[in-house]
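Here is a short briefing to read alongside the structure. Have the sequence at hand as you go through the points.

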Amino acid sequence: MSYKILLCIGFSMLIAGCQSTPIQVPPLVNPGGDVTLIFNRENTVLTSIGKARVYIGDTDVCAIPNGDSCQVNIPAGRHVLKVFSYTDGNFGTFSHAYQFESGKTYRFIISPNNLGIAVNFVDPGSIAYLVADTVNHPSKDDSNDGSLTMKLVDEY
């Protein structure tokens, strides 16, 4: 066999070995209530380093590894949800206010945001994340300028 075939087989095995069955991680804090929130984090290479930190208001409720999920319960009403990457929380946050109805379940998908990646030449080898586009924020509760974003995919 040629070295190219061996390299391809080895790379394929490495990729396959890095994928795991998604698990539901326990919440750091479960505020309690009759509304269920499920946060699913996409399994992507771009944001595989670090955990997605999910906040409800000022409460840190979940630390979700790449490809996993977390479930919490909250009381009905208006809540601001926030998400950012644990490793680069200083580079921006997704946040949005939602109105949650009693007895319902809401499922969210956490995925990479549209980002540009640039090398920081002051500190060779480091990577800085730059937001590719700027967003006009309609309220103080809304932002989408981090490496992760989150969207509501369904409610039932």
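Predicted model: local features only at pLDDT ≥ 70, side-chain atom pairs only at ≥ 80, totals over all residues.

**The nonpolar core**
- The largest nonpolar core holds 23 residues, and those with the most contacts inside it are Leu37, Phe39, Ile64, Leu81, Phe100, Phe108 and Ile110.
- Strands that give two or more residues to this core include strand 2 (35–41), strand 5 (69–74), strand 8 (105–112) and strand 12 (148–155).
- In soluble globular proteins, nonpolar side chains tend to be buried together.

**Strand 2 and its partners**
- Seven of the seven residues of strand 2 are buried.
- On one side of strand 2 you will find Val35, Leu37, Phe39 and Arg41, on the other Thr36, Ile38 and Asn40, and both faces are covered.
- Strand 2 runs antiparallel to strand 5, and six bridges join them; isoleucine 38 has glutamine 71 of strand 5 as its bridge partner.
- With strand 8 the arrangement is parallel, again with six bridges to strand 2, and threonine 36 is the bridge partner of threonine 105 in strand 8.

**Isoleucine 64 and serine 69**
- Beyond residues up to four places away in sequence, isoleucine 64 touches Val25, Phe39, Arg41, Lys51, Ala52, Val54, Ser69, Cys70 and Ile110.
- Serine 69 belongs to strand 5, and it counts as buried because its relative accessibility is 11%, where the cut-off is under 20%.
- Leaving out neighbours within four places in sequence, serine 69 is in contact with Ile23, Gln24, Val25, Phe39, Asn40 and Ile64.

Notes: Residues numbered from 1 in each chain as written. Heavy atoms only, no water. Core = buried A, V, L, I, M, F, W, Y, C linked by side-chain atoms within 4.5 Å. Buried < 20%, exposed > 50% of the residue type's maximum accessible area, 1.4 Å probe, protein only. Helix = DSSP H or I, 4+ residues; strand = E, 2+ residues; numbered from the N terminus. Contact = heavy atoms within 4.5 Å. Pairing = 2+ DSSP bridges.
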